[in-house]
Amino acid sequence: MNLTENFTLNELVYSATAEKNKIDNRPSVQVIANLKSLCENVLQPLRNALGCPIVITSGFRCAVLNKKVGGQSNSQHLMGQAADLVVPQKNLKDVFNYIKSHLNYDQLLYEYSKTDKWIHVSFRNDGHNRKQAIDNYKV
Ligand SMILES: [Zn+2]
């Protein structure tokens, strides 16, 4: 099932950790609606502007999965309002800055760990988007 032209429901709920640990990460109807809003308002416009693939590393997480990957208990991943992504063909900081200045979002984080870096972006379809951007969020 496609949520928008370039994004499928599958890629926004897939998790290798869930698969490995036999966690049932199937989304509710509400979560699917939230994921669709995230795609329509952020991910697809970003994809159109970049003109190259965006790799979703984490989208929706059920409570069990969220706990397993060490997510915060109030994470927007739990509601299907957030996605973590990388863009192999682009400088990730440029992608971060593009979202920051051109798109509507709730929270935008340039996250990094010892071994990795990715963008976390969230969107709320109730109109209460805070536009909070943090460009060096260590996890
Ligand atoms: Zn995230």
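The structure you are looking at is a predicted model. Begin at α5, where Val 95, Phe 96 and Ile 99 are buried. These three residues cover an arc of only 100 degrees around the axis, so they sit on the same side of α5. The background to this is a simple piece of helix geometry: an α-helix has 3.6 residues a turn, so residues three or four places apart point the same way. Now turn to the other side of α5, and you will find Lys 93, Asp 94, Ser 101 and His 102, which are exposed. What lies over the buried residues of this helix? The cover of the buried residues of α5 includes α3, β5, β6 and β7.

From here we can move on to the nonpolar core. The largest one has 28 residues, and Leu 43 and Val 121 are those with the most contacts inside it. The elements that give two or more residues to this core are α1 (9–13), α3 (29–50), β4 (82–86), α5 (92–102), β5 (107–112) and β6 (117–122). Which element gives the largest share of this core? That is α3, from which seven residues come. Stay with Leu 43 for a moment: once its neighbours within four places in sequence are left aside, Leu 43 is in contact with Phe 7, Leu 38, Ile 54 and Ala 83.

Next, look at Thr 4, which belongs to strand β1 (residues 2–4). Is Thr 4 buried, partly exposed or exposed? With 17 other C-beta atoms within 10 Å, Thr 4 counts as partly exposed. Thr 4 and Cys 39 are 35 residues apart in sequence, yet their C-alpha atoms are 6.4 Å apart in space. Cys 39 is also among the contacts of Thr 4 beyond four places in sequence, together with Glu 40 and Gln 44.

Lys 22 is not a glycine, but it has a positive phi of about 55 degrees. You will find Lys 22 in the loop between α2 (16–20) and α3, and it counts as exposed because it has 6 C-beta neighbours inside 10 Å. Lys 131 likewise has a positive phi, near 55 degrees, in a residue other than glycine. Its place is the loop between β6 and β7 (132–138). Lys 131 has 11 other C-beta atoms within 10 Å, so it is exposed.

Note on methods
Residues are numbered from 1 along each chain as its sequence is written. This is a predicted model: local features need pLDDT of at least 70, side-chain atom pairs count only at pLDDT 80 or more; totals for chains, interfaces and linings use all residues. A nonpolar core is a set of buried Ala, Val, Leu, Ile, Met, Phe, Trp, Tyr and Cys residues joined through C-beta atoms within 7 Å. A residue is buried if 20 or more other C-beta atoms lie within 10 Å of its own, exposed if 12 or fewer, and partly exposed in between; C-beta atoms are placed from the backbone. Helices (H or I, at least four residues) and strands (E, at least two) are DSSP runs, numbered from the N terminus. Two residues are in contact if their C-beta atoms, placed from the backbone, lie within 7 Å. The arc is that of the directions from the helix axis to the C-beta atoms.
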